[in-house]
Structures are given as structure tokens and as C-alpha cells.
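Biologist: I would like to learn how to read a chain fold and its domains. Please take me through one case.

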Amino acid sequence: MMPRLNRRHLLILAAAGLVSQPMPALAQSDPLRLAFIPQENPDKLLGDIKAITAWLSSEIGVPVEGFVTIDHAAAVEALRNGDADISFMGALPFVLAEREIGAIPLLSEVYRDTPSYTGRVFVRRDSGFKMLADLEGRDIAFADPISESGYMYPLAEFERAGLVSSPDAAEDFFGRIFFAGGYQQAMQAMAEGLVDAAGASQYADLLLTPEQQSQVTWIAESDAIPSHVVIARPELDAELRENFVAAMMKLNMPEHRDKLRYLYGPDGYVEADPSVFDGVRTMAQRFGLL
Amino acid sequence: MIQHVLRVILFVIVTSLAVTGPSFATPAKEAPWLPEAAAYRLTLFLGNLAPVPWYKVEQAWSEPYHGSEYRLGALAWLDRESAVDVGDLTDAIGWQDRHAVHVAATRLIALRIEEELDAATAADNPAVSQRAVATAKELYRAFADHIKAADPDAARTLGRAWLELNNATGSAGVLGAGAKEQDSDAMTTARAVISAYLAENYLVADPAPRQTLTAVPEAIARTGQPVELPAALPPGSDIFDQDPLPLLVLNFEEQGIDETDLPLIAYGDMLFDSAEIFGGPARDLGIACSTCHNRSDINQRFFIPGASHQPGAVDVDGAFFNPMFNDRRDDPIDIPSLRGLRFTGPYGRDGRFASLRDFSRNVIVNEFAGEEPTPFMLDALVAYMTEFDFLPNSLVTGDGQLTEAAPDAARRGEEVFNRPFVGMGNQSCASCHTPSGNFLDRKSHDIGSVAAAYEGSHAGALDTPTLLGTLYTAPYFHDGALPTLASVVDWFDETKNLGLTDAERSDLTAYLETVGAADEPYEAFDTANTPFRLAFAELTTFASTLDTLLPKRDAQHILVLTDTVAADLAADAGTMANLSSRPEVYALAERLAEVGAAVRAENWAAAETSWSLFKTDAAAIEEKAF
């Protein structure tokens, strides 16, 4: 009977030249485990995971499994204890995970040719608001208190304009601040006149109907925010990490682009540059998160 | 969250499109519906058809809606997710009691909202609260647009209550940082506003029967005051363009003639893309000729529950588009291609119209409830549509012979195609699909593909369709019953006892696929030729007819044009790759709307000025319009 070999054994054997299987059949029996953060219908996400992990497995040559975590914290915990090797994550959770467990950024999502986006402050075109100062005493809807483009970065523009001294003092400038629960909810509240302004992603107006889109505009735009990132636990084998990145980069090729829809639907991926997260780290500190 | 936005870009809410003002021919996709909310809206839609298609009402609750991202139907979903009893609803559907179904379904949705609100207020952590509130709000969507139309003040009050409620759920933070506790008092206060309205309007003991099933609040419905509801298609509807987009081949264009030099044709082109020539609900939903006949061809994805039995099909004389024209027969047909239209008369699947002009009028007035078109409009439409050419195909000559480039299997199949068969009355396929006549004979034949409507019926004859371009127009037959050309061959072989061998079937299929092929069947988009640039070029070409109409002071036709093109330009701006140029496109659309406003005010000088500025601005934008 063959002794049961785990991944570590096989990698040692490979290094010693005793395993001669050609790549990409990496000698691993333990699966590569991917943690996904639920953002929409879990039924669909499960189907997507099945499709993309099957393809990744064929590309990398090791079994690839995916599972859905409850939230970012659970994903980071899974990375910490080795239940997950890789996770998909926003820039802010990543910098916190980096502090917590030394997570490593592997890939950044690309949208419209860039791995970054911005936050904007939107108003109705007929509102007469032309600058941020016009919103003094007015009601604003943000997406969520821990959203980069849906709160932190747009609010930072009020700070930059000298209207808000710190995040904690924002209530003093506005009439009411609402956290609407997401970009679309914040934008709809603004478009329907329930609030005077909305802080959301630069693309959030595309969540409105075409008629509404023509009725809104934006009066401030934030610095660039790194787009979502694929991260790995620091202990993950370097070669496996590289093979995973190489496989994911193939998704940029025309013949594989259709699979991007299984992964939150970016336009593609680039290898992550850790330095682009400095702004997020600074922002997290200003909001007392880091 | 960015990926969520860019993904959800494709799911904007179409149901909130207002009915007032010009319609958009660019539809907006809607966010996915929760299963029970989708089933409720489908029930309202289907329940207003005459006769009510009860089996579809039952399906609305038992099966996932068309295109749903949920694998469960509403009843199974509720069984898994909810404790709300569905017995009243299923009983009512079984009784086929329209009023009882409306009452039970409405009550069910209201109870589901209450159930989620209970969960939200009982939860001891923000994440659970937020999920429950989000679900409740998604369920409230089933009522929201009707509340807004019927009771706008209440809609605003409720909108703020939902904002307050979500805001009070706090935040779980991220990885333990930035957590914010729930504000239970604020949640209770906000929830009370919502619950009171539901109790008063959606959980009443004995709601009044309604002539039209709606989600209008009971307090308003009981007053009997008319409510103008926004036009909406039910969940599962798909009126977006086919992807890939068929290539449009216009005779004049292939000869290098500029459409802007052909004002009648350009105006007809505009009408073909205009929902303004139809009446409600097609007009309000932005449905135009081109919605079904994408780029003169077909739209394989077109689907409206209750009007379509499968994608690419529609019943144009059912209850939805024009109740006056409702034939009370559930007989949707596969959307036919209009390529080579000037060669394919008579028109209609059964060839009932000898004249394309008469056929077009029937589509506008009867099928889609439009106003009587002017002679100029019909002339323009016919002038445009008769420019539709077949797709160039280097495998077939103009007189229907295979070229040297055709594969051997097709040559063998050509022999089968021309072979007389006893089972077909000693006729061959080519007897009707005459190769030298664009593979049709302009006659109607009963080949046995139409089920007899009644005993002794002789109403099964259908117009012979061309075979040109058919490789891209699946499914086949008038009702789209056959999915492939191979299945068409099989059908003839089996029903007409042709006795073909497997090889002959394969060869005949190869012949059909060769004849039905094209050198370039689809529009090739790239970074230079984007969908928006194509739309921009079309819309500015349509507008060019103002050079002819303004000097003639033809207000009626100018207004059809400006209402169509200004709205479409603004709507299409959201599809631009170059999003930074959207404000300029909005301004351009407004410039054209100003032409219309000036014409309405009979201020022709102002109209001329705005039109002149439009042309200047359009030229400046053109390079950035991608």
C-alpha cells in the first residue's frame, strides 16, 4: 500500500528530483482553497465557484476548492488558520488583514483599463449644488461606514475642502448622514430626492435608470482607490502562489475572458503592487480602523 | 465593492422608468428579484391578461422566473426561507380565482416584509440586521413603484423610513474595526412607519376586488381614483439587443451612398428605431421595430413572460400590447428576419399581407396600438426596410448556385435538395425554396407544421421563408419548434417519409448551413467601433433629416424625431466606454430637445438655431463618442 503523502512530502520529493511529472501537475494532494466573500445571491456564487475552481484546477494541476465565508473577518480567520489559502477582498479589508496576519496581495482587479477607481459626491443636476460647501446643513447618503468609495474617500474630500475637520465631526457639517446600505440605495435616495447628495463609487450612477443618469452629476471626486485584490496567506508555498497567479493572469486572454464572470466580473487582473495600498492604509488610520 | 457595482451596472431597475415624456428605446436591465417578489409581479402581469393563463400563474410560483439567478421557484424558496403560510395562495391559484390570488399574493409579500423586519429588529448584531433589512427592502420593491405612483407623499415618507431603518442597523465593521452598534429605538421608530403602512394597505382583512391587478395601496384603490402606473415588464423579461449584434446590410450603404443624403430613408430608419410610433405599453417600454428585428434580422433573446413561449418569440396579437387586437389565442410566433424584405413578400408568417405598407400599418396600429401613421411615415418606413439586403455569402451565387468555395458535403446535399420525393408530392425542397429566387417562392403552403385549430381546419398554410442567412436565425419554423437546421431536415425526413440515409441527412444539413451562411453575420465591435459609437452615428444620421423637415415646417414629423432621438441619445450615454464624455452627450441631447420645444412653441427661428448648434456640437463630440 502506498503511504499517504501530503503536499509537504511531495514538494520535498519534487525538490529531490524523485518526482518527474511535468508541470502543470504540481505535486499536491491537499487542495488549494479559495475563500469567497458573498456579495450577491449565494446560489449563484456557489455555481460560479464550482466553475472557476474546476478551471483553475485544470490549469494549476492541483485540486482547487472554493467556499463562501460569512464575511471578510471569517475569510481572514480562514487564512490565518490555514482553512483558506487565498481570498478575494476589498482594499480596506486587505490592509487590515495585512496587519493582522501578514496577508500578501497577489492580483488586483482591472476595470476599464485600470486597477483603481474613485469615489464621488453626486447630486441632482437640478439641485443647484455646484461645490461641496453648498451641501452644508444638507442630508447626504453614503453606502456604508466601512466603504472606501462609498464613504471614506468621498468624506475625505470634504476634509480636503476644509469643510469637515475629521470624520467624527462630519455630523456638524451635514444635516443628516445616512448609511443607506449600498451604492444603489444611496444613489436612489439622492435621485429620488430623499437626500440631497450621495457619496459612492465613480460608477454608481450607472446603477440608476438611463433617465435618472441624465438627471444627476457629481461635484467632487476622490483620489484613486485600489480596486479589489486577491490575497494569500503568507505561508502559502511560493511556487503554488506563482502558479495560481499565472493561471489567473490567463483570464486576461481572449479565450478565457468569459470566465471572469465567475469572479465578480472584473475586466481582468494585474499583478498587485503592494505600494498602491499606502493611501488606503493612511485612510484607515484616519478613520481609526488601523 | 467596485466589482459589485460594475457587475450590477447591468441590473438597473427598469420598473422605475416613468411613462411621462419620450420613451427610451435603450432599455435598462433590472436588478435580480427575490423569488417571491418576482412571482408576485408576474402574477399581477399575467392576471391582467385575458384570458388569464393560469398555468403560467402557477409556474410563476413553482418555477424560477426566466433568467433568474435563483435556482428555486418562489414556493420552494419560501419553504426554505420563511415561515409564512402559502396555503391561501396555492388554494386560490387552484381555484383560478383572480381576486383571491391577488389578495393572497399581496398579503404574502406584506407578511414576508414583516417577517424580515421582525428578524432585523430581533437580531443582536448589525450584520444580521442589515441583511434582514436589505431583504425586506427587496420585497418592498414589489409594491414600491405603485406606491410612488399612487401615493407619492407616502412613498417619500416610506423612503426616508427605509433610510432611517438601515442607518440604525449599525455596522459590523471590518475585521473588528469600525463597528457601530445598532440603534434599537431608531429601528423601532422607522419600522413602525413601514409596518403601519403595510397594515393599512396590504394586510387589510377584506380588500376590494380590482379590475386591474396592481400593487396600488388599498386606501388609494378603494377611492377609485385613477392611478397612472409606470409601464413595466414583469421579472424575466428581456428586450435587450441580441449579442452578438447582427450585421446590418443596407443596399445603398454597400454602394457607398451616405444615408444623410437620403432623407426619406433616414427618417424611416429613425421610425424603425422609434417607440414613439407605437402606443402604450410598447411605447412606454421603449419597444420599437428594431427591438425584435435587431439590425433588420431577429432578436433571439427577446422574451416577455405571458407573451413569449420561448426566447425569440412573441404573440403580437395577445392581451398585452393592444387589448383591442387581442385574438384571445396563445399563439406566439418566432420573430422572422427582415433581411431581403423587398424579395420576401407576401408578409406575415401566413402571407396575409401582399403589401409591405399594409403590413407595416397593421404592426403600428393594431399589433402595437399606435396612432394612425401618416402617409409620409409609411413611405419612409417602407423606403428604409426595402433597403435591407441579405447577408453577403461567398459560398452561394446570386442565383442560388454553390460556388467553388462551398464544401463537398454541401454539394452532395444540393443533390438531395433538388431531388423530388414522393412524400412531398413529387416535389423537392427546391420546388418551394427556389434557389434562383432567393430560396423562396412567394407562396403559402401547408406542410403540416401547424396544429389544426379545430376539426376540419384548413388554416395551416404558411409563407415559404427564405433560406438565406438562416444559419444565424435559429430556432426554426413559425413557432420556433425546431432548434437546429439538422432538426429541420430530420422533421421533413420523418414526417414526409423521405427515407434519407444518415449521410444524406448530414449532407442536406450541410447544404442548408452553406446556403444560410454569411461572410460576416455579426457587427464586429472593437475599441474604435463601440456599441455607443454605432448608436451615436445612427442617431445623428436620424437627426440629419431635420435639414429637410425644418425648412418644410413639418412640425408633426419633426417632433416624432426629436422625441425619439433626444431621449435615445441621453439613454445611450450610459453605455459609453468613454464615460467622461457623458455630460457632453447629455448636453447634445438637450440641444435636440430644444429643437422640439421650439417647434412646439412654433418658434422656428429658435428651432433652426438649436439645430445648427446641435450639428456643430455633434461634430465636436464625434471623435470622443466611444
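**Reading the fold and its domains**

Modeller: Begin with contacts: two residues are in contact if their C-beta atoms, placed from the backbone, lie within 7 Å. In chain A, among contacts between residues at least 6 apart in sequence, 74% join residues at least 24 apart. This is a predicted model: local features need pLDDT of at least 70, side-chain atom pairs count only at pLDDT 80 or more, and totals for chains, interfaces and linings use all residues. Residues are numbered from 1 along each chain as its sequence is written, and chains are lettered from A and ligands numbered from 1 in the order in which they are written.

Biologist: Which domains does the assignment give for chain A?

Modeller: Domain bounds come from an automatic or database domain assignment. Here chain A has domain 1 (31-114 + 227-286) and domain 2 (119-223). Their centres, taken over C-alpha atoms, are separated by 29 Å.

Biologist: How many residues of domain 1 of chain A are in contact with domain 2 of chain A?

Modeller: 7 residues of domain 1 of chain A are in contact with 7 residues of domain 2 of chain A. H10(A) supplies the largest share of the domain 1 side, 4 residues. Helices (H or I, at least four residues) are DSSP runs, numbered from the N terminus.

Biologist: Is Ser275(A) buried or exposed?

Modeller: A residue is buried if 20 or more other C-beta atoms lie within 10 Å of its own, exposed if 12 or fewer, and partly exposed in between. Ser275(A) is exposed, because 8 other C-beta atoms lie within 10 Å. Over chain A, 49% of the 290 residues count as buried.

Notes: Helices (H or I, at least four residues) and strands (E, at least two) are DSSP runs, numbered from the N terminus.
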